[in-house]
Amino acid sequence: MSLSFWLVAAPLIAAVLLLVLPKMGGAASRGLAIVGTLVSLVLAIVMWLSFPSGSTGFEFIGKIHWFTLPAMWHGTDLSVGLSFGVDGLSLPLAAMTAFISVLAMAGAKRDIDRPRLYYFWLSMVTAGLLGVFAALDLFTFLVALEVTLFGSFFLIQLFGRPGSPKAAIKFLIYRGFATVAMLVALVGIAYGLTGAYSHSGISGNLSFSIPTMLNEAHHLSSGILPAGVAGALLLVLLLGVFIEEAFVPFHTWLPTTHEYADTPTNMVIGGLLTKTGAYVLLRFGVGMLPAQIQHYGMLIAVFGVINILYGAFAAWAQKDWRRLIAFGGISHMGLVLLGIASFSAAGLQGAMFMIVSSGLLTALLFFLTGAIEDRTNTVQLKDLGGLSKAMPMISGFLLVAALGSLGLPLTSGFISEIQAFIGGFTAYPAASFVGLGGLILSAVYLLYAIQKTTFGPTAKLAEGLSDATAREYLPTILLTAFVLLIGIYPNLIGHLFGLSVQGLLGIGG
Amino acid sequence: MVQYAWLVPFLPLVAYVFLLVLGRKAAEGLVAGVSVILTAVSFVLSLFIFQAVGNNPHGNNTYVFHWLTVGNRVFDVGFQVTHLNALMLVVVTLVSTLVFLFSKGYMHKDDRFPVFYQYLNLFVFSMLALVISLNLLQLYIFWEMVGLCSYLLVGFWYFKPEAALAAKKSFIVTRIGDTGMFAGIVLLFLATGSFDYSTIFSAVAHGTLHIGWLSNNGVITLTALLIFAGAVGKSAQFPLHVWLPDAMEGPTPVSALIHAATMVAAGVYLVARTFPLFQASTGATTTVAWIGAITALMASLIALTQRDIKRVIAYSTMSQLGYMMMALGVGAYAYGIFHLMTHAFFKALLFLAAGSVIHAVDTQDLFEMGGLRKKMPVTTYTFLAGALALAGIVPFAGFWSKDDILSATLQSGHPVLYWFGLIAAFCTAFYIFRVFFLTFTGKPRVEEKYEHAHEGSWVMKLPLVVLAVFATIAGFFNSPVNHYGLERYLFADFASGTAGVVVKENVGLMAFSVAVGLLGILLAALMYWRPAFGGEKLSKALSIPYIISFRKFFFDEIYTFVIVGGGKVIAAIVDFVDRYIIDGIVSLLSWIGSVFGTMLKYTQDGQVQTYSAIAAFGVLIFIAIAVFTVGGVL
């Protein structure tokens with residue numbers, strides 16, 4: 001089997017072993033889960049290092065045939081199975097998934113109830129996320145998406161704070177709708193591109209293969225797929241993406257979820273699961289319906305700016321660190337929309353950078369505020385203050401994370417923003433000018449929260465508390481290192497994203 | 001030599017990393033020693049580079065490295081040493097070295113002494129890297145880095161709530177300007193495909209800047225104004241000046257280095273660095289000149305009445321930066337830079353001397369000082385040198401540069417701006433000597449504070465003396481004595497060999513501005529030294545102007561109410577909409593869903609009658625729809 005198959009399979013195998021092996025204690029469960037995801041991380045790094053230079057397509061492809069639906073379409077059979085592979089877009093996202101998941105597991109508190117179940121679901125979600133990014137056909141993609149949905153649901157419900165079941169239901173219903181909308185749109189796109197209007201003839205072979213669909217989109221001269229149909233498909237897809245990605249006004253599940261989920265789950269949901277929507281938009285929207293993305297560019301850009309500002313203002317009003325981080329993430333992902341809407345190399349690459357940057361920073365912020373909560377039993381801004389005295393290291397890293405989030409140069413946030421705005425100003429200058437407000441507001445809400453948390457006279461509840469432990473240093477330092485590394489040497493991920501951008505803009509661009 | 005220019009910022013970076021490794025418990029002597037020595041080496045290197053650039057003005061001064069590919073464009077990084085940059089390197093490293101030495105005494109026994117030096121080294125690195133940046137993108141990177149260091153150092157005493165607030169305020173207010181600058185840089189990139197100064201200037205010269213939605217002239221004016229927004233924030237110009245006085249919450253060496261000599265001057269440097277862009281737009285230069293003049297005058301009026309010694313000097317800094325902006329706005333390129341240099345020396349001196357006073361009496365209130373001349377002679381006379389330089393009294397440094405600016409303003413046909421500058425000059429002389437007389441002459445106002453007062457150790461005195469020497473003689477660097485050497489040096493950056501306005505010597509104008517300065521000193525002396533009439537009486541007689549000045553034209557109150565308040569209201573509205581409207585609709589939908597679920601539960605009661613009734617009802621609805629549809633009603 002190919003490397004990308006094992007990339008997805010490794011955490012899955014760990015999950016299965018967690019279920020079947022007897023007498024697994026907390027440490028053993030965590031160890032097994034970490035090993036599974038660590039294998040994925042190593043595989044991702046191997047693929048990264050050996051990724052063929054200049055390749056704009058999928059590499060490390062692997063397929064498993066499962067069953068055939070006979071005579072599904074004009075007498076041809078529809079093959080159903082699992083297939084995986086990575087390209088310049090999905091490989092960095094897959095690597096980030098394994099990276100953040102490993103750190104979430106390694107940094108998790110040691111006294112979790114039912115650790116076997118906990119690490120089982122955490123491994124399942126990781127496998128699901130890797131499957132989403134590495135899927136090469138729609139069937140695989142949708143199955144993987146469902147795994148992430150149910151896995152996260154159980155993590156929130158079973159391991160969250162008091163009151164989490166309600167939040168979990170909200171999460172499930174929202175993202176369930178998102179899945180349905182995306183399912184409809186994606187099957188429609190497959191039908192449109194490969195079945196009904198294939199370039200090879202009116203009665204093409206219906207295919208759920210993503211490379212085939214991309215290839216058809218590539219050859220499709222505009223006009224074969226009726227614009228109305230394609231436009232409707234994109235709007236349905238956008239609906240799914242908006243819910244999936246927690247874009248305003250379909251976002252309210254996200255702050256609620258983050259408020260109630262525990263720290264590792266928040267890292268995975270905030271850092272990874274809320275990036276799948278953006279991935280879908282890039283892969284299927286930009287990749288397969290480029291003309292429609294351009295056609296609806298203004299709409300997407302305006303929604304992007306609304307998200308930037310709405311998220312930032314809402315974050316300013318929050319009194320709870322977790323809700324603040326949630327809205328900050330929404331604001332950041334608004335910039336992804338603006339970059340995509342611009343349909344330019346800089347805008348698309350900026351959007352991809354922002355996905356990674358927001359992923360790393362969100363995970364880091366959740367981890368650090370989680371560490372603060374472990375000590376003070378609160379993440380309410382009004383109760384905190386003066387933490388710098390008792391925990392200078394945690395406070396210092398929290399500041400770095402905030403600075404990265406507000407886009408300080410030499411962090412990943414900045415390099416994402418400048419590219420996205422270069423794209424934005426090319427195509428939608430007015431919207432981009434308004435969107436700049438996000439740069440100011442992010443400084444306002446983040447530094448306000450920092451001022452309330454680490455500056456000032458030491459709060460009573462923070463007296464005599466200890467600073468970070470070895471368990472906490474590992475995720476903190478590694479996440480911070482990558483935030484800085486990407487900010488200082490952006491070509492690290494830029495060379496892969498650049499290939500993907502070339503591939504995307506090769507189509508109708 | 002020039003190829004080694006990267007070493008100048010690199011050495012403070014080495015010091016930073018070294019101190020980071022040493023940790024928070026390192027010995028004070030080691031920490032300060034390493035910092036001073038490495039920065040001093042940077043200073044010596046800078047001197048050699050300064051000379052090398054001057055000797056070979058057309059040599060290669062640019063070194064480029066590839067950073068990131070974006071589509072078919074490339075972001076480069078690297079360094080470039082123009083004449084302007086070389087001068088900045090010398091000024092920054094010299095002041096930094098002296099401040100590093102001074103801080104050894106000033107920060108003695110602070111819990112976080114090593115951290116203070118870490119931040120300062122990081123600042124010096126960033127500032128020097130900013131100066132030799134290859135292009136606007138790189139400049140912006142270090143521009144934000146110096147802003148970060150400023151934030152960290154203003155908030156250095158993090159446990160003080162005022163310091164925490166001031167740090168946040170300084171970052172956010174400058175961020176507003178920086179966002180404009182960010183947009184300006186992005187637009188220049190879109191218009192020229194590059195961040196490089198040279199590419200942009202050549203596009204300006206050929207008139208080929210255009211973006212799809214904006215013409216060449218539109219791009220020039222818009223981007224110049226946007227970049228100027230960044231300079232306005234950084235250099236604390238009206239209307240983004242409100243952060244600088246609050247930034248005085250930081251330790252005084254920080255105020256001397258960052259908030260007087262170097263970082264706040266970066267805004268002036270930026271306008272100078274992009275001078276060809278500004279010159280291509282009358283709208284932009286006029287804006288720069290007026291903003292500068294307004295700031296110069298307004299800040300000097302505020303400084304008249306402040307009671308806090310550091311705040312007076314902070315408003316003075318704003319005012320002097322206003323002069324520099326005004327100079328660049330009227331085209332007096334060389335004199336703006338010249339004043340930047342002299343100001344760096346005499347203002348760092350004034351701040352360090354003030355620091356020496358604060359260190360001795362442990363107060364910043366002018367009305368708790370007095371008579372310190374006897375206890376602190378070195379501080380007194382070095383401060384006097386700085387004050388004379390600031391007041392523009394011949395032959396001190398500030399005289400030459402300020403007089404050049406005023407003459408250039410008048411000679412380039414801006415009489416109104418000239419009078420702005422002249423009134424500000426009068427106020428300047430008055431307020432700085434008000435500080436001098438209140439602090440050093442007369443009788444002590446608070447006995448116990450006076451009792452404890454003493455001069456600092458040599459590490460604090462030596463920097464004062466060195467800076468006092470520069471504050472006295474630096475004006476001669478661009479004077480008839482050396483045939484206006486600095487001017488000629490700076491002009492070598494331009495292909496035409498000159499830039500903007502060149503002043504014609506006018507002894508009458510010089511005498512006039514010195515007279516204005518002396519008049520200000522005389523008035524201060526009559527009020528605070530040999531009181532002919534009391535300041536109290538005068539301030540009561542002029543109560544309304546006094547309050548306006550003392551309350552700083554009410555900018556803080558207005559901004560807090562309108563901008564911060566407005567933003568908070570919007571945030572609260574968004575939060576309300578989010579919780580009660582958007583989420584309310586969601587809750588409503590889920591409630592409806594559960595109600596339907598409950599109702600449907602009752603339909604499943606197993607009674608055939610119920611099922612048939614429902615079926616019949618459904619059929620009726622279908623029939624009704626069919627009738628209406630066919631009948632054309634729907």
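Reply: Let's start with helix α10 of chain B, residues 252–261, which is mostly covered: 10 of its 10 residues are buried. Buried here means under 20% relative accessible area, with exposed over 50% and partly exposed in between (1.4 Å probe, protein chains only). Helices (H or I, at least four residues) and strands (E, at least two) are DSSP runs, numbered from the N terminus.

Some housekeeping before going on: this is a predicted model, where local features need pLDDT of at least 70 and side-chain atom pairs count only at pLDDT 80 or more, while totals for chains, interfaces and linings use all residues. Residues are numbered from 1 along each chain as its sequence is written, chains are lettered from A and ligands numbered from 1 in the order in which they are written, and side-chain values use heavy atoms, leaving out hydrogens and water.

Back to α10(B). Its buried residues run B:Thr252, B:Pro253, B:Val254, B:Ser255, B:Ala256, B:Leu257, B:Ile258, B:His259, B:Ala260 and B:Ala261. The cover over them includes α3 (83–106), α4 (113–131), α5 (136–154), α9 (243–246), α14 (309–329) and α15 (333–361) of chain B; contact means heavy atoms within 4.5 Å.

The largest has 412 residues, and A:Trp321, A:Ile418, B:Phe75, B:Tyr151, B:Tyr333 and B:Phe433 touch the most other members. It's α15(B) that gives the most to this core, with 20 residues. Skip residues up to four places away in sequence, and B:Tyr333 touches B:Leu84, B:Ala272, B:Phe275, B:Leu328, B:Leu490, B:Phe491, B:Asp493, B:Phe494 and B:Ala499. There's also a second, separate core of 22 residues, with B:Leu297, B:Ile405, B:Leu406 and B:Ala424 among them.

Zooming out, chain B has 26 helices and 2 strands, and its C-alpha trace spans about 110 × 65 × 55 Å along the principal axes. Of its 634 residues, 59% are buried. Among contacts in chain B with a separation of 6 or more, 79% are between residues 24 or more positions apart.

Now for the partner chain. The contact takes 52 residues from chain B and 58 from chain A. About 4,700 Å² is buried between the two, 75% of it from carbon and sulfur atoms; buried area is the accessible area (1.4 Å probe) that two parts lose on being put together, summed over both. B:Trp67, B:Tyr158 and B:Arg175 supply 14% of what chain B buries against chain A, more than any other three residues.

A:Phe366 sits in helix α15 (residues 345–376) of chain A and counts as buried because its relative accessibility is 2%. Beyond neighbours up to four places away in sequence, A:Phe366 touches A:His258, A:Thr263, A:Asn266, A:Met267, A:Gly270, A:Arg322 and A:Ile325. A:Ser412, found in helix α18 (residues 412–427) of chain A, is buried too, at 0% relative accessibility. Leaving aside neighbours within four places in sequence, A:Ser412 is in contact with A:Ser357, A:Leu361, A:Val483, A:Ile486 and A:Gly487.

Notes:
Core = buried A, V, L, I, M, F, W, Y, C linked by side-chain atoms within 4.5 Å.
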